[in-house]
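Here is a short briefing on one protein model. It covers aromatic pairs, a sheet and a helix.

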Amino acid sequence: MTTAPLTMRAALAVALTEAVDADPALVTLGADGQALFQGVMDRHPRRYVDVGIAEANLVGVAAGLARSGMRPVAAAMAPFLVRRAYEQLRLDVCVPALPVVFLGVGGGLGYGHLGPTHHATDDITLMSALPHMSVHCPADAADAVSVLRALLPADGPAYVRLSARADPVLPAEASHGDPRTPRLLRAGDDVLLLATGRCVAEALAAADALADDGVDAAVASVTTLHPFPREAVRALARERALVVTAAESLGPGGLGDRTALTLGREGPPLVRLETDHRHPPVASHEDLLHFYGVDGRGIRSAVLGQLTRNTRKA
């Protein structure tokens, strides 16, 4: 991994401007957040609508534009887009399966210092429950651009969880190919680490540490969580002694839940690392990942603990 961070918003701002240049039907909307759309505002001021701090209104306006033949991309802070506008998302956009791409900024624990009101570890669960909605959790800025480009021509609604600040830059393989298929970032014969979003970087760090422990860990990034790439996950898990999932999201409908349903009783042992309903501290993103045990240290500890238990049973 390189150490030069880039925010998803900065990368998507460029990609969105290029997309609006190329597609006269594309229109962008924000809820009092213009960083993603500054280029669009400069070059196509009539193709950006700011509704203010009114997420339900954002969804309703996006739905109206979609019904009139436009292709909206709408962005807001994830905790408020998902929770405050849930009824509008379901009835205005998802039931009629309108082609609206929603960008949820600061999903997961990205707004750590702003406290639990701004944490959105439930966004994957809630958005996956909506009809026709696809759900995506890119691992870094390049992956976010890859997801956006794949979704813009799609026929139905989509939700993309964006991080709030800069993430570690991952190997190029993390953004190559179809984002609906898991990407293998590191080969390994002993253990498979399946991760999504920011936890992909944590899984790679854990794999480096596990190599010093004599454990050969593969790492795969799962960007699309719904619909879940079941066959690809089964193929990755085959012939490995252990699968560990890591995600900064609640269990129901998340990466661990979907992996468990995919592998069933025929698969290898599965350890699910995810957030829970404990009241979190007001802390940095990194400290919150550690609090819930989904950082590199937590992943390494879980792998070593489970391998020890497997050895004892054998």
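Rings of Phe, Tyr and Trp (its six-membered ring) count as a pair if their centres lie within 6.5 Å. Planes under 30 degrees apart are stacked, those over 60 are edge-to-face, and the rest are tilted. This is a predicted model. Two aromatic pairs are found in the structure.

**Aromatic pairs**

- F37 and Y48 make a tilted pair, with 5.1 Å from centre to centre and 35° between the planes.
- F37 sits in the loop between β1 (26–30) and α2 (38–43), and Y48 sits in strand β2 (residues 48–50), so their pair ties together parts eleven residues apart in sequence.
- F37 is buried, at a relative accessible area of 0%. Y48 is buried too, at 10%.
- The ring centres of F291 and Y292 are 4.9 Å apart and the planes stand at 85°. The cut-off for edge-to-face is over 60 degrees, so this pair is edge-to-face.
- F291 is partly exposed, with a relative accessible area of 30%. Y292 is buried, with 9%.
- R278 lies over the face of F291, 4.6 Å from the ring centre.

**The sheet**

- An open sheet is formed by seven strands, in the order β2-β1-β3-β4-β6-β5-β10. The pairing is mixed.
- β2 and β10 (224–226) stand at the edges. Each has a single partner strand, so one side of each has no neighbour in the sheet.
- From one strand to the next, the twist averages 20°.
- Strands β4 (residues 101–105) and β6 (residues 158–162) run parallel and are joined by five bridges.
- F102 has Y159 as its bridge partner in β6.

**Helix α7**

- Helix α7 (residues 141–151) lies across β4, β5 (134–136) and β6. The helix runs at about 170° to β6.
- Eight of the eleven residues of α7 are buried, so the helix is mostly covered.
- The buried residues are A141, D143, A144, V145, S146, V147, L148 and L151.
- Among the elements that cover the buried residues of α7 are α1 (8–22), β4, β5, β6 and β7 (183–186).
- D140 caps the N-terminal end of α7. A side-chain oxygen of D140 lies 3.4 Å from the backbone nitrogen of A142.

How values were computed:
Residues are numbered from 1 along each chain as its sequence is written. This is a predicted model: local features need pLDDT of at least 70, side-chain atom pairs count only at pLDDT 80 or more; totals for chains, interfaces and linings use all residues. Side-chain values use heavy atoms; hydrogens and water are left out. Helices (H or I, at least four residues) and strands (E, at least two) are DSSP runs, numbered from the N terminus. Buried means under 20% relative accessible area, exposed over 50%, partly exposed in between (1.4 Å probe, protein chains only). A charge sits over a ring if NZ of Lys or CZ of Arg is within 6 Å of the ring centre and within 35 degrees of the ring normal. Two strands pair if DSSP finds at least two bridges between them. Axes are lines fitted to C-alpha atoms, for helices over the stretch in contact, and angles run from 0 to 180 degrees between N-to-C directions. Contact means heavy atoms within 4.5 Å. A polar contact is a pair of N or O atoms within 3.5 Å; within protein, one must be able to donate a hydrogen and the other to accept it, and residues adjacent in sequence count only if both atoms are side-chain atoms.
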